[in-house]
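Good morning, and thank you for the time.

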Amino acid sequence: MTDTEKLNQDIIKCSLSVKSLIQDIQNCNGPLEKLNELNASGRSKLSYLREMIDELESYGKETFDNDLMEEARNYREQYYNTFSMFRKANVNCMLAIEKANKEELFKMDESSTVRQRLLSLVILLFFLIFFKSKVNIIMNFRIKKDKANMVKMSSNVTDQLLSISRHLADTTQLSADTLQTLANSSMTVTGTSGELHETKSAISQSGKLLDKYSRRQFTDKLILLLGFAFFLACVLYILKKRLL
């Protein structure tokens, strides 16, 4: 197997691997850490694929092999299409994850509202029971003068209030963590939009280079045709001279 055949096989294998990874990104439901891992792997494979295409194109130019150069151009067009699919899959996945996070946050907010209402009712009932117990304690204190029972009752009330306070603090922290996750998702989407703009510029430049290369190829063909016509003219002139 020649070096060019091996290089062609490596390009095809790498291209199929990138397309498989794009499918994994499309099926990714989060979290963002998993998407970032797939994204890093895809960037590495795309970079390696571009290097192999550049190597094949350079070899074609060095050996003046038009077939190799044509293959390199086809591979490069496929690379740009694959790169666009990779970017699109990343953006769609990030938007889906962000949407899911927002929906989860809204559900948590609704659940938190219900919990707060229930806590308010519990606290209200608690204070009603507490004041009722307080009245009973005072009455019992006046009747039995039992200070030990009053101290024990107050301790239980304090423990219950501390438990309610800890629960409210945990709910507040959970809401803050969810808001931070949404902020990170928004920043990631903004960065991806910038990268898409850069990719668009790179594709535009590549199109200009391909147009320039096409014009140059036409000029080369015209020069070869003129040279061949001149050669035929010289041959006919020499034959004419010899026959005469």
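I begin with one side chain: Lys-102 has a relative accessibility of 37% and therefore counts as partly exposed. The terms here are that buried means under 20% relative accessible area, exposed means over 50%, and partly exposed lies in between, with a 1.4 Å probe and protein chains only. Glu-98, at 11% relative accessibility, counts as buried. Lys-102 and Glu-98 form a salt bridge, with 3.8 Å between the closest N and O atoms. By salt bridge I mean a side-chain nitrogen of Lys or Arg within 4 Å of a carboxyl oxygen of Asp or Glu. Both Lys-102 and Glu-98 belong to helix H3, four residues apart, about one turn of the helix.

Before going further, a word on the source: this is a predicted model, in which local features need pLDDT of at least 70, side-chain atom pairs count only at pLDDT 80 or more, and totals for chains, interfaces and linings use all residues. Residues are numbered from 1 along each chain as its sequence is written, and side-chain values use heavy atoms, with hydrogens and water left out.

Now the overall picture. The protein has four helices and zero strands, and along the sequence the pattern reads α-α-α-α. Helices (H or I, at least four residues) and strands (E, at least two) are DSSP runs, numbered from the N terminus. Of the 244 residues in the protein, 24% are buried. The accessible surface comes to about 17900 Å², and carbon and sulfur atoms hold 60% of that surface. These areas come from the Shrake-Rupley method with a 1.4 Å probe; for residues, only the protein chains shown count as cover. Among contacts with a separation of 6 or more, 78% join residues 24 or more positions apart, where contact means heavy atoms within 4.5 Å.

Let me turn to helix H2. How does the span of helix H2 compare with what its 32 residues should give? Helix H2 covers residues 32–63, and at 1.5 Å a residue it should span 46 Å; its end C-alpha atoms are 47 Å apart, which agrees. The expected span is 1.5 Å times one less than the number of residues. The buried residues of H2 include Leu-35, Asn-39, Gly-42, Leu-49, Met-52 and Leu-56. Just after H2, Phe-64 takes a positive phi of about 55 degrees.

Some residues of H2 also take part in the largest nonpolar core. Such a core is a set of buried Ala, Val, Leu, Ile, Met, Phe, Trp, Tyr and Cys residues joined through side-chain atoms within 4.5 Å. This core has 26 residues, and Ile-11, Ile-25, Leu-35, Leu-49 and Leu-56 touch the most other members. Helix H1 (3–26), H2 and H3 each supply at least two residues of this core, and H3 gives the largest share, 10 residues. Leaving out residues up to four places away in sequence, Leu-49 touches Ile-11, Cys-14, Ser-15 and Tyr-79.

I return to charge. Side chains of opposite charge can pair when their charged atoms come close. The count of salt bridges comes to six. One of them joins Arg-76 to Asp-54, with the closest N and O atoms 2.6 Å apart. This pair links distant parts of the chain, 22 residues apart, with Arg-76 in helix H3 (residues 66–144) and Asp-54 in helix H2. Is Arg-76 buried or exposed? Arg-76 counts as buried because its relative accessibility is 18%, while Asp-54, with a relative accessible area of 31%, is partly exposed.

Lys-61 and Glu-57 form a further salt bridge at 3.9 Å, N to O. Both lie in helix H2, four residues apart, about one turn of the helix. Lys-61 has 46% relative accessibility and counts as partly exposed; Glu-57, at 21%, is also partly exposed. Asp-54, Glu-57, Lys-61 and Arg-76 are linked in a network of salt bridges.

Another arginine deserves mention. Arg-87 lies in helix H3 and, at 6% relative accessibility, counts as buried. Setting aside neighbours within four places in sequence, Arg-87 is in contact with Arg-43, Glu-195, Leu-196 and Thr-199.

Val-235 is partly exposed, at 32% relative accessibility. Together with Phe-228, Phe-231, Leu-232, Leu-236, Leu-239 and Leu-243, Val-235 makes a nonpolar surface patch of about 730 Å². Patches are made of residues with over 30% relative accessible area and no salt bridge; like charges are joined within 9 Å, and nonpolar side chains (Val, Leu, Ile, Met, Phe, Trp, Tyr) within 5 Å.
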